[in-house]
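Work through the exercises below with the sequence and the model side by side, and try each task before reading its solution.

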Amino acid sequence: MCGIVGCVGRPDETLDVLMHGLSKLEYRGYDSAGVALANSAVEIEKHEGELVNLERAVDDDAPSGPVGIGHTRWSTHGPPSDRNSHPHADCEGEVAVIHNGIIENFQEVKDELTAAGHEFTSDTDTEVVPHLIESALADGASHEEAFRAAIERVEGSYAIAAVFAGGDAVFCTRQDSPLVLGIDDDATYLASDVPAFREFTDRVVYLEDGEFARIDADGWDVSTADGEPVEKTIHTVNWDAEETGKSGYDHFMLKEIHEQPRALRQCLRGRVDELGGQVELDELAGVRPTTVQFVACGTSYHAALYGAELFREAGVPAQAFLASEYVTSPPPIGDALVVGVTQSGETADTLSALREARQRGARTLALTNVVGSTVARECDHTLYIRAGPEIGVAASKTFASQLAALNLFAFAATDDHDREAIGALRDLPSTVQEVIDDSSAASVAEAYHDADAYFFIGRGLNYPVALEGALKLKEITYRHAEGFAAGELKHGPLALVTDNSPVIAITTGDGELARKTVNNVKEVEARDAPVIAVTDGQSDIERYADHVLTIPETQPRTAAVLANVQLQLLAYHTADQLGRSIDKPRNLAKSVTVE
């Protein structure tokens, strides 16, 4: 969703700090960007488009002040435009507000304010907030009292921050949308995500829903909606600022694909007993579910499908649900453990599904990447995937780490102690590196980058990978791509197959699933569709394929992870051939924090 940043305590560098923070948060939204700096007046500069447009504007006419906020937008209410960009101001330009989320009762409030004489200049829901603050100020409220009064009137999900002309503080609050403070000796920061200020401090405070914070030159304080002080724990971030840079790669996505061996080592470290051939998860000691329900969205949903298959293979009933559907039509839960899979830990639909499950008495577990995220704080148990920060909008290393973590979870929580499979899991970082080093995906992408459509097929554990391969390609190429369980191809989708619609078939092992997938490949070959096989060479699929992307021979559960790496590289190189904005695909943002 949108990116928020704020700073107090660096009076000569406020603008530079805000611009740096926005550059680190641009993956959260890039429809427009803006800043507001407060001194005796509030100076606002904002522009439609990517951050470079704002950078050019502030180079020519830099706003100044010791207190400031910034915003990079992913549009919800109103199309991308200068006037819909944040920050938004009141009628007199004395208040500036930035907002991530959706104010559900904005039209009712806007009608009331308009009738009272307030003039609106944007199509956004956010603009009601500075006008509500203006009304409270006119009634004699202080800056903080006016901010709290405005928040009391709005309904929905939000992270909101405000600055005032003549003020020396930033006021902020959150509800169902992330907000974190960065604590330094002589400055305080706020942001929707830690990378915005990680270069300046590694000490952070996570705000909870309904909490308010004030940051000023004297430091920071947190309180409840009723104004009661809240004691907060200062956490230390365990990754370096350099991890959010490109490190010489053309795109964050390519860097993060290449980082997968390291991410997997981090995920597995200390969790696999190599001598005993067992998995040990101290954080999940005693968690032995009799039934598992996974809830997730997007890429994480594909990981959840994979995880459910692992549990079913171990004899534990398990299902994966789209979180948005689970909320509106939850299945019978019984004694199920409900597992939320979410990279950011802030995905609105997944949080809602977990809250629904908890209301029904279920135990919950978070499988996430972000320490201190909302899902980690709210669930009964947490398993971190330890992938490190991921900046590219299209998930890559976090998906691989989710699959690895789900393997760990399935081994630790069931009676499945397959030593050979655990050994393959332990070796996964090196086999993934082998795939990256030897991949011919770039040449395959060159051959098919102008195809009409792409179809991905797989069976068993390879089916979720087929879905993820299709999603990855459509996200960053804008070309039509679909994933299917291979057996479903003949039940309708075969009508779409042409000589310009490559079929990417994931076929590993030499068992029944592989043989049936080869038969599906023969069906599309008979209809002149080009076939790209992703294979470990154990079946005879290469006989029917136009191109082959190979992976090392391994166990079925790890073969799926290796196949996914080839599909990531295929999507990346296809998008590169097409000249797409790979790290910032249109209409998409990294973390979806609204329902």
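Axes are lines fitted to C-alpha atoms, for helices over the stretch in contact, and angles run from 0 to 180 degrees between N-to-C directions. Helices (H or I, at least four residues) and strands (E, at least two) are DSSP runs, numbered from the N terminus. The model is predicted, so that local features need pLDDT of at least 70 and side-chain atom pairs count only at pLDDT 80 or more, while totals for chains, interfaces and linings use all residues. Residues are numbered from 1 along each chain as its sequence is written, and side-chain values use heavy atoms, with hydrogens and water left out.

**Exercise 1.** Determine how helix 8 and helix 16 are oriented to each other.

*Solution.* Begin with the axes of helix 8 (residues 298-313) and helix 16 (residues 462-477), which come within 8 Å and cross at roughly 170°. Angles over 145 degrees count as roughly antiparallel, under 35 as roughly parallel, 65 to 115 as roughly perpendicular and the rest as oblique; helix 8 and helix 16 are therefore roughly antiparallel. Next, list the contact (heavy atoms within 4.5 Å): helix 8 contributes Gly298, Thr299, His302, Leu305 and Tyr306, and helix 16 contributes Pro464, Leu467, Glu468, Leu471 and Lys472.

**Exercise 2.** Find the strand order of the open sheet of 8 strands, and its edges.

*Solution.* The order is 3-2-4-1-10-9-11-14, with antiparallel pairing (two strands pair if DSSP finds at least two bridges between them). At the edges lie strand 3 (42-48) and strand 14 (235-236), each pairing on one side only. Within the sheet, strand 2 (residues 32-38) and strand 4 (residues 67-73) are joined over 7 bridges in the antiparallel sense, and valine 35 has glycine 70 of strand 4 as its bridge partner.
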